[in-house]
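Keep the 3D view open as you read.

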Amino acid sequence: MADLSTTFMGLKLKNPIIAGSSALSSSVAGVKKLEEGGAGAVVLKSIFEEEIIHEMDDLMKDVPETSRYIERFDYHDLVVRRDQLEKYTTLIKEAKESVSIPIIASINCSFSYEWTDYAKRLETAGADALELNMFFLPTEQNRSSEEMEQVYFKIIEKVLASVSIPVSLKISHYFTNLGPMIQKLSATGISGLVLFNRFYSPDFDIEKLKVVQTSVISSAAEMVTSLRWVAMMSQKVACELAASTGIHDGEAVIKQLLAGAQTVQVVSALYQHSPNHIRTLLEELETWMSRHSYEKLENFRGKLSQDKSTDPAIYERVQFMKYFGGQKETT
Ligand SMILES: Cc1cc2nc3c(=O)[nH]c(=O)nc-3n(C[C@H](O)[C@H](O)[C@H](O)COP(=O)(O)O)c2cc1C
């Protein structure tokens, strides 16, 4: 039997498959199902920064009048969301009592406010680690990329100063200078980087001339973006990497580990099948390891990372030159 155990951010995991943040982990019952399904750890559904801000008694004092973010919420929202932090800390406490796998709390950070102090409350509630889900859609014409990037560093600094549990950062690939940004973020003192988050995107219905929702579920084909970046960055970063998006089968798990991921996060595949799908992924991983005589993950992790490749240029190839030149693509 292959040994699938690993560590991630200093936590001991029985296997490298983490159930990523989603509504599947928004209740104790859901977390239990994920553990029963075989998850090595669970990231809880994110608590949204706005909910934390709204928890503050002097709410309006800290939110600039010019903030367009607050406009999204009406008074009803504020009242409804007031007790979210309390509910979230209760979820952490009860999940910790109910399962033995690590519980990673998650904060959706969409702006930099004093909310970072509340990270401490999640730690006190018993979270084993904290995942910061950070993304700002780069649409503001007056903000430079440097300004946008600084918000990440500022938030990380504040959170790291307020908690002693390991902190990971879940990012998108929408950065001007992605490789160096990943490296800089990895050197801030965080313990893990999750590459990458996947977002809701609007689509159009051309008959009703309406904006409609695209699928919230990823496809297996989406895995290649994180595969490339995990492979290129895994040997160049100062923290561990977790691969995310489009990991639907055991083959995808194996590829991400070969690229150098310490762990993988899975969500859509669990919606499509069930939390028990994790067992299938683990079986596929184990069968493949036996076939290749690998006894533990360290025997092959990172073997196909760019730094270990005899052909590192292939990871950076982006154009289908031969294809568009009329020749059959062979390499
Ligand atoms: C229904 C649903 C809810 C999600 N909620 C969150 C969330 O609260 N916080 C978060 O960081 N990511 C959230 N995600 C994103 C997932 O954690 C994950 O990053 C994304 O779905 C890509 O992984 P996948 O291809 O395995 O689904 C959600 C995804 C889905 C499908």
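This is a predicted model: local features need pLDDT of at least 70, side-chain atom pairs count only at pLDDT 80 or more; totals for chains, interfaces and linings use all residues.

Residues are numbered from 1 along each chain as its sequence is written, and side-chain values use heavy atoms, leaving out hydrogens and water.

Start with the nonpolar core, meaning a set of buried Ala, Val, Leu, Ile, Met, Phe, Trp, Tyr and Cys residues joined through side-chain atoms within 4.5 Å. Buried here is under 20% relative accessible area, exposed is over 50%, and partly exposed is in between (1.4 Å probe, protein chains only). The largest such core has 85 residues, and those with the most contacts inside it are Leu-130, Leu-132, Ile-171, Ile-182 and Leu-193. Helix H7 (residues 145-162) gives the most to this core, seven residues; helices (H or I, at least four residues) and strands (E, at least two) are DSSP runs numbered from the N terminus. A second, separate core has eleven residues, among them Phe-8, Val-43, Ile-104 and Ala-242.

Zoom in on Ile-171. Setting aside neighbours within four places in sequence, its contacts (heavy atoms within 4.5 Å) include Met-134, Tyr-152, Ile-182, Leu-193 and Phe-196.

Now find helix H9 (residues 223-233), whose buried residues include Met-223, Trp-229 and Met-233. The buried residues of H9 pack against helix H8 (178-186), strand S9 (192-195), strand S12 (240-244) and helix H10 (250-259).

Ile-206 is exposed, at 67% relative accessible area.

Last come the salt bridges, each a side-chain nitrogen of Lys or Arg within 4 Å of a carboxyl oxygen of Asp or Glu. The structure holds eight of them. One joins Asp-128 and Lys-96 (2.8 Å, N to O). Asp-128 is in the loop between helix H6 (119-124) and strand S7 (129-134) and Lys-96 is in helix H5 (residues 84-98), so this pair ties together parts 32 residues apart in sequence.

Another links Lys-120 with Glu-123, also with N and O atoms 2.8 Å apart at the closest. Those two are three residues apart in helix H6, so about one helical turn separates them. Lys-120 is partly exposed at 39% relative accessibility, whereas Glu-123 is buried at 12%.
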